[in-house]
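Here's a quick tour of two ligand sites. Have the viewer open while you read.

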Amino acid sequence: MSHHRTQPPTILLDTLFSSDAPLEHLSLYSTTDDVQAPSPTVDDESRPWVTLTFAQSLDAKIAGEAGKQLILSGKESMLMTHWMRSMHDAILVGIGTALNDNPQLNTRLLPQLPADNPHRYHLPRPVVVDTHLRLRLDCKLLNNYRAGVGRRPWVMSSAPIGEAEGKTWREQRKALEDAGARVVEVGADSGGISIPSMLAVLRSLGVRSLMVEGGAGIIKSFLAAATADNVGETVDALIVTVAPTFVGREGVGYGENLLAAEVPRLRHKHTEIVGQDTVVAFRL
Ligand SMILES: NC(=O)C1=CN([C@@H]2O[C@H](COP(=O)(O)OP(=O)(O)OC[C@H]3O[C@@H](n4cnc5c(N)ncnc54)[C@H](O)[C@@H]3O)[C@@H](O)[C@H]2O)C=CC1
Ligand SMILES: Nc1nc(O)c(N)c(N[C@@H]2O[C@H](COP(=O)(O)O)[C@@H](O)[C@H]2O)n1
């Protein structure tokens, strides 16, 4: 679809914004008059708008054997993902993904704007959920930030209770902060960092919209949180890219063990063929 190359795909505009919003502003913001980047929002300001999104194979795998990173999206749907990134204030991944994929989480695939265009694409804030502060000091997120081509990564973590673990955690925190990260403390429970608490903290820090990319553990947690709440109070949109390939049972899935009572009700918005992939968009 040629329009995907120069402006955000309709499937994103319709799923994330009301259809009467002006197209040209939905991925761009003005740097000249200090206007904030456009963003989907929820009415009450207690949490950000949350879009859960990932790419999967026909057999619902998101990675290969032992977590091997797979490029499942074709170039057209990958471009769509970068448009989606430009429409959110922040992008979240779990520490499993940060360690495994060493992602950049930026919008580098978007078409270059003419030099005299006063607008810019929004560069989202990278957020890593990392209970034990295992993020590498030389990861691309920190390297990009130090090189001035990425925003400061935020690391969502929770201080451990025990003295020995607490000391290691504080040392790790200092090392990460010295390397450029901001460590943000949030509450945790037996399942790891509490999703509702983390969302409330992110909103209090100014994040109006959050794109959640994965991996498997994070997807399961957000699906579970969305099911436990009254529908629509944790996750607002689900956008899944389905690639025309099988991975096999050795791959990493996200849904095998979910009980029927643990999957949220979905409201289908759109299905669109993007290149060779099928993109399915829902509101919750
Ligand atoms: N195809 C796609 O679109 C994507 C695929 N991936 C793949 O996913 C794989 C990584 O998945 P995982 O190992 O499951 O790691 P993950 O990225 O989901 O991180 C999970 C880790 O985050 C921490 N955590 C803290 N609180 C948590 C909570 N409430 N819920 C869940 N985790 C919490 C725990 O340490 C947990 O082990 C990689 O192989 C990566 O390539 C990742 C993102 C997108
Ligand atoms: N949309 C999409 N399609 C795939 O096939 C993928 N493997 C992913 N992965 C996500 O993108 C991150 C890599 O981002 P950068 O290219 O480094 O900016 C990866 O960590 C996953 O979150 N996504």
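What follows covers the ground rules, then each ligand in turn.

## Ground rules

This is a predicted model, where local features need pLDDT of at least 70, side-chain atom pairs count only at pLDDT 80 or more, and totals for chains, interfaces and linings use all residues. Residues are numbered from 1 along each chain as its sequence is written, chains are lettered from A and ligands numbered from 1 in written order, and side-chain values use heavy atoms, with hydrogens and water left out.

## Ligand 1

Around ligand 1 there are 27 residues (a heavy atom within 4 Å), and Ala55, Gly67, Thr97, Ile193 and Ser221 come nearest. Look for its polar contacts (N or O pairs within 3.5 Å): one of its oxygens is 2.6 Å from a side-chain N or O atom of Thr97, and an oxygen is 2.9 Å from a backbone N or O atom of Gly215. On its own the ligand exposes 860 Å² (Shrake-Rupley, 1.4 Å probe), and the protein buries 80% of that.

Helix H3 (95–101) is among the elements giving two or more residues to this shell. H3 provides the largest share, five residues.

## Ligand 2

Ligand 2 has 17 residues around it, the closest being Leu70, Leu72, Ser73, Gln104 and Arg108. Its nitrogen sits 2.8 Å from a backbone N or O atom of Leu70, while an oxygen is 2.8 Å from a side-chain N or O atom of Glu213.

Helix H2 (75–86) and H3 each supply at least two shell residues here, with H2 giving the most, three.

How values were computed:
Polar contact = N/O pair within 3.5 Å; in protein donor to acceptor, adjacent residues only side chain to side chain. Helix = DSSP H or I, 4+ residues; strand = E, 2+ residues; numbered from the N terminus.
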